[in-house]
Amino acid sequence: MTTPPPQHHVVLGAGGAQGAAVARRLRADGHRVTGVTRSADRPLPEGVTRRTADLPRGAAAAFDGATHATAVLPLVYDERRMAAIADAVADAAASARLRRLVVVTGTRVPSRPTGVAAFDTRRAAVDRLLGSGVPTVVLRPPLYLENLRAPGVAGPLAAEDVLRYPLPPDAPVPWLAHADLAAAVAAALHRPGIAGAAFDIGGRDLLTGPGLADAFGAVLGRTVAYRAQDPDAFRSALAPVLGAEAAAGVAATYHWAHAHPDHLASDPEPAARALGVEPMGVRDWIAAQRWDRAGAQR
Ligand SMILES: NC(=O)c1ccc[n+]([C@@H]2O[C@H](COP(=O)([O-])OP(=O)(O)OC[C@H]3O[C@@H](n4cnc5c(N)ncnc54)[C@H](OP(=O)(O)O)[C@@H]3O)[C@@H](O)[C@H]2O)c1
């Protein structure tokens, strides 16, 4: 029996919640994992070795010796900066002769220009990375279930039984857990026959806001109402956390969803089949969290 060649996985953005979930999964699968962060003191999952780089600078060193890489595109909405990051990652991936690169866009990406930086910068980055010459798979997530643990959501849920989120009530979303993102990445890094593909990934359940509120109500044993938050109010609340520019960039995606309620609704089932993954249901995810009646989540 031949032993498979050892793998060294590099995860860009491993200090963020999504990148950390990916790094954790790859460690659990038995791989050597290097996480790339800007700062030397951002915590990384256990067993993950750190390399620091402030992309676009330092990409080549970050990929040195890697066999596989996952690029969780960072919260950058400046067109030139994202293009420079995509160039640097594509060149570094090619120089390292990666066996596979997986790109996580962080969002669905409409196929045509939208004027929304969060979408247009990522469409351009994806085009560049698919053209790197390295076998590449692109994963476009919808919204993460973990967003619902933010104080701005968990607070009103605990205090008022109100699920408040900046989406219109008629927008269906296949909410995705970070653990299922990680499973999709792990599959995309290894599955044969999918290089060059881009997938709309998602969770098992496609739910509107009221459907999501009902799921919370069923699990928590009380009636939960859905209330659509104005994306501008969401932006104001986010600005002290992310900075004004990033908050405006994120809020623009929710304005888009208000104007295009089906924007996040594409069926993730073909991706799940192609990747061989079975994402969890929303109720199972809610039941696995601890929701504190007195305030935000514990
Ligand atoms: N769909 C959704 O529901 C959803 C929710 C949240 C975020 N997102 C998207 O997911 C992506 C990641 O978001 P996030 O909030 O986790 O990301 P983030 O805060 O931008 O960054 C996460 C990680 O990337 C690293 N990083 C950022 N910029 C870098 C650079 N120029 N060079 C090297 N490393 C860099 C950070 O390093 P340091 O730790 O050193 O800073 C951190 O470890 C974004 O595209 C965001 O829009 C989507």
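**Legends to close-up views of the predicted model**

**View 1. The residues around the ligand.** Among the 25 residues around the ligand, those that come nearest are Gly13, Gly15, Gly16, Pro74 and Gly106; a residue is near a molecule if its C-beta atom, placed from the backbone, lies within 6 Å of it. The structure is a predicted model, in which local features need pLDDT of at least 70 and side-chain atom pairs count only at pLDDT 80 or more, while totals for chains, interfaces and linings use all residues. Residues are numbered from 1 along each chain as its sequence is written. Helix α1 (17-28) and strand β2 (32-37) each supply at least two residues of the shell around the ligand. Helices (H or I, at least four residues) and strands (E, at least two) are DSSP runs, numbered from the N terminus. The largest share of the shell, three residues, comes from α1. By class, the shell has twelve nonpolar, ten polar and three charged residues. Here Ala, Val, Leu, Ile, Met, Phe, Trp, Tyr, Cys and Pro count as nonpolar, Asp, Glu, Lys and Arg as charged, and the others, Gly among them, as polar.

**View 2. The packing of α1 against α6.** Two packed helices are described by the angle between their axes and the distance between the axes. For α1 and helix α6 (residues 178-190), the angle is about 55 degrees and the axes are 8 Å apart. α1 is therefore oblique to α6. Axes are lines fitted to C-alpha atoms, for helices over the stretch in contact, and angles run from 0 to 180 degrees between N-to-C directions. Angles under 35 degrees count as roughly parallel, over 145 as roughly antiparallel, 65 to 115 as roughly perpendicular and the rest as oblique. The crossing of α1 past α6 is right-handed; a crossing is right-handed if the near helix is turned clockwise from the far one by less than a right angle, and left-handed if anticlockwise. In α1, the residues Ala17, Gln18, Ala21, Val22, Arg24, Arg25 and Leu26 meet His178, Ala179, Leu181, Ala182, Ala183, Val185 and Ala186 of α6. Two residues are in contact if their C-beta atoms, placed from the backbone, lie within 7 Å. This contact comprises ten nonpolar, two polar and two charged residues.

**View 3. The packing of α3 against α4.** Helix α3 (residues 79-95) packs with helix α4 (residues 117-130) at an angle of about 25 degrees, and their axes are 9 Å apart. The two helices are therefore roughly parallel to each other. α3 passes α4 in a right-handed crossing. From α3, Glu79, Met82, Ala83, Ala86, Asp87, Val89 and Ala90 meet Ala117, Thr121, Ala124, Ala125, Arg128 and Leu129 from α4. Nine nonpolar, one polar and three charged residues make up this contact.

View 4. Leu55 and Pro56 are joined by a cis peptide bond, with omega about 10 degrees. Pro56 is placed in the loop between β3 (49-52) and α2 (59-62). Arg97, a residue other than glycine, has a positive phi, near 50 degrees. Arg97 belongs to the loop between α3 and β5 (100-104). Arg97 counts as exposed because it has 11 C-beta neighbours inside 10 Å. A residue is buried if 20 or more other C-beta atoms lie within 10 Å of its own, exposed if 12 or fewer, and partly exposed in between, with C-beta atoms placed from the backbone. Asp161 also is not a glycine, and its phi is positive at about 60 degrees. The loop between α5 (151-160) and β7 (162-165) holds Asp161. With 16 other C-beta atoms within 10 Å, Asp161 is partly exposed.

**View 5. The surroundings of Pro172.** Pro172 lies in the loop between β7 and α6. Pro172 counts as buried because 20 C-beta neighbours lie inside 10 Å. Not counting residues up to four places away in sequence, Pro172 touches Leu206, Leu207, Thr208 and Ala265. Pro172 and Arg99 are 73 residues apart along the chain, and their C-alpha atoms are separated by 36 Å.

**View 6. The surroundings of Gln229.** The loop between β9 (225-228) and α8 (231-242) contains Gln229. Gln229 counts as partly exposed, with 18 C-beta neighbours inside 10 Å. Leaving aside neighbours within four places in sequence, Gln229 is in contact with Arg164, Tyr165, Pro166 and Phe234. From C-alpha to C-alpha, Gln229 and Arg164 are 6.0 Å apart in space, although 65 residues apart in sequence.
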